[in-house]
Amino acid sequence: MKMVACGGCAASWRRCVVMSLRLLFLLPAGLPVRSQGESQSDNKQMDNITIRQGETLFLSCSQGAFVTHTAWLNRSSILYAGEDKWSVDPRVSLVTLNQDEFTIKIEDVDLTDEGQYICAVQTSSRPRTTSVHIIVQVPPKIVNLSKDLVVNEGSNVTLMCLANGKPEPAIVWRMLSPSDDSLGSDNEVLEIPFISRYRAGVYECTAANDIAVDTQTVELTVNYPPSVSDGRDVGVTLGQRGVLECEADAVPEADFEWYRDDRRIFNGFDGIEIEDAGALSKLTFFNVSEADYGNYTCVAINKLGSANTSIVLYEIIEPTSSTLLQGPGAVQDGNSGTSTVFTPTCLLLIVLLQLLLKF
């Protein structure tokens with residue numbers, strides 16, 4: 001059969017449909033073409049049908065008695081004429097055709113299927129049509145999103161999120177992690193001027209309409225120079241283990257250097273171990289000697305700058321057992337290095353004895 005299409009007709013859309021019906025049903029050329037002001041009793045307009053993209057659309061119209069020809073058309077192109085399929089679209093198929101009902105279906109509906117559909121019925125007396133407008137709704141889909149960004153602190157940042165959908169989706173930006181309700185936007189663009197390290201994190205774009213919601217995220221990394229915590233001085237007994245710690249906050253993570261005066265200390269030098277783990281660096285003495293006591297400097301460095309702090313390793317003198325035994329009344333024997341302990345009563349007797357010897 002020959003496909004009928006009136007895309008090039010100079011007349012109105014209705015005239016094109018009538019021409020299609022004439023060719024299909026072999027109607028006489030005298031079939032009237034009503035104007036808008038004339039009776040439309042044989043032309044029924046059904047309520048609009050709204051369907052979601054990807055679903056299956058069923059189009060049905062009643063037949064009635066004395067029907068000689070029947071057809072379904074879409075924008076003046078014939079889909080089915082009775083049992084004969086005119087459409088080349090594999091998604092279109094016949095469901096029911098009998099004296100009471102003429103139903104076809106379109107599977108996996110897309111936005112291109114939107115528009116006017118007509119069920120045309122030719123009876124023994126005159127034709128009648130039933131038309132319905134199909135509205136296809138499309139769930140939102142984010143089609144253009146800013147890539148993950150790495151910027152330096154103080155930069156101006158712009159995040160973009162574009163989405164398609166029908167109805168047109170609403171776009172919302174928010175800071176997802178760490179959560180911050182004060183930072184967001186209700187349009188496609190999120191502007192963050194003079195960004196600080198505290199604005200680094202994961203940002204979420206949400207596109208929503210009446211059908212569904214689509215979300216995607218962008219990770220924003222903010223680089224900044226190191227800042228070092230104040231060093232804590234450490235006291236260690238001679239011969240014991242001592243550990244100096246240095247902690248730095250920086251992105252990217254800082255590299256650490258240790259110095260004694262102006263001399264850099266390297267791992268393994270003089271039995272000293274340097275261990276770096278992320279933001280923390282440790283300088284370990286396994287057997288502290290007299291020469292180890294003094295002032296040490298920790299320097300944290302990344303590509304944006306450096307920072308340092310000083311830490312003192314000082315000696316703690318442990319009391320000896322003899323020192324612990326001495327009390328406030330102890331008298332030191334300078335020759336022997338021993339101590340003789342006298343009680344207060346004993347001291348009083350000695351003083352009295354010395355007074356008696358004078359007389």
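Mentor: A disulfide is here a pair of cysteine sulfur atoms within 2.5 Å. Please keep in mind that the model is predicted.

Trainee: By that criterion, how far apart are the sulfur atoms of C161 and C205?

Mentor: The cut-off for a disulfide is 2.5 Å between the sulfur atoms. C161 and C205 form such a bond. The separation of their sulfur atoms is 1.9 Å.

Trainee: Which strands hold C161 and C205?

Mentor: The two cysteines are 44 residues apart in sequence, so their bond ties together separate parts of the chain. C161 is in residues 157-166 and C205 in residues 201-208. These strands are β12 and β16.

Trainee: Is the link of C161 and C205 left-handed or right-handed?

Mentor: Both C161 and C205 are buried. The angle about their S-S bond is -75°. The link is therefore described as left-handed.

Trainee: How many disulfides does a search of the whole structure find, and in what pattern?

Mentor: The search of the whole structure finds three. Bonded cysteines are counted along the chain to describe the pattern. The pattern is 1-2, 3-4, 5-6.

Trainee: How many residues separate C61 from C119?

Mentor: C61 and C119 form a disulfide with sulfur atoms 1.8 Å apart. The pair links distant parts of the chain, with C61 in strand β3 and C119 in strand β9.

Trainee: Are C61 and C119 buried or exposed?

Mentor: A residue counts as buried under 20% relative accessible area. C61 has 5%, and C119 has 1%. Because these values lie under the cut-off, both cysteines are buried.

Trainee: Where in the chain do C246 and C298 lie?

Mentor: A disulfide joins C246 to C298, with an S to S distance of 2.0 Å. The pair ties together parts that are 52 residues apart in sequence. C246 lies in strand β19 and C298 in strand β24.

Trainee: What is the angle about the S-S bond of C246 and C298?

Mentor: Both C246 and C298 are buried. Their link is left-handed. The angle about the S-S bond is -80°.

Trainee: Let us turn to charged side chains. How many salt bridges does a search of the whole structure find?

Mentor: Side chains of opposite charge can pair when their charged atoms come close. A search of the whole structure for such bridges gives a total of seven.

Trainee: Which residues are linked with R91 in a network of salt bridges?

Mentor: The side chains of R91 and D89 meet in a salt bridge at 2.7 Å, N to O. D89 is partly exposed, with a relative accessible area of 22%. The residues linked with R91 in the network are D89 and D113.

Trainee: In which loops do R197 and E153 lie?

Mentor: The side chains of R197 and E153 meet in a salt bridge at 3.0 Å, N to O. The pair links distant parts of the chain, 44 residues apart. R197 is in the loop between β15 and β16, and E153 is in the loop between β11 and β12.

Trainee: Does E257 count as buried or exposed?

Mentor: E257 meets R264 in a salt bridge through their side chains, at 3.5 Å, N to O. R264 is partly exposed at 34%. The relative accessibility of E257 is 19%, and the limit for a buried residue is under 20%. E257 therefore counts as buried.

Trainee: With which side chain does the side chain of D276 make a polar contact?

Mentor: D276 is found in strand β22 and is partly exposed, with a relative accessible area of 43%. Not counting residues up to four places away in sequence, D276 touches F256 and S281. The polar contact, at 2.6 Å, is with the side chain of S281.

Trainee: Which residue in the turn between β22 and β23 has a positive phi?

Mentor: β22 and β23 pair in the antiparallel sense over six bridges, and E273 has T284 as its bridge partner in β23. The two strands form a hairpin with two residues between them. The residue in the turn with a positive phi, about 65°, is G278.

Methods
Residues numbered from 1 in each chain as written. Predicted model: local features only at pLDDT ≥ 70, side-chain atom pairs only at ≥ 80, totals over all residues. Heavy atoms only, no water. Helix = DSSP H or I, 4+ residues; strand = E, 2+ residues; numbered from the N terminus. Buried < 20%, exposed > 50% of the residue type's maximum accessible area, 1.4 Å probe, protein only. Contact = heavy atoms within 4.5 Å. Polar contact = N/O pair within 3.5 Å; in protein donor to acceptor, adjacent residues only side chain to side chain. Salt bridge = Lys/Arg side-chain N within 4 Å of Asp/Glu carboxyl O. Pairing = 2+ DSSP bridges.
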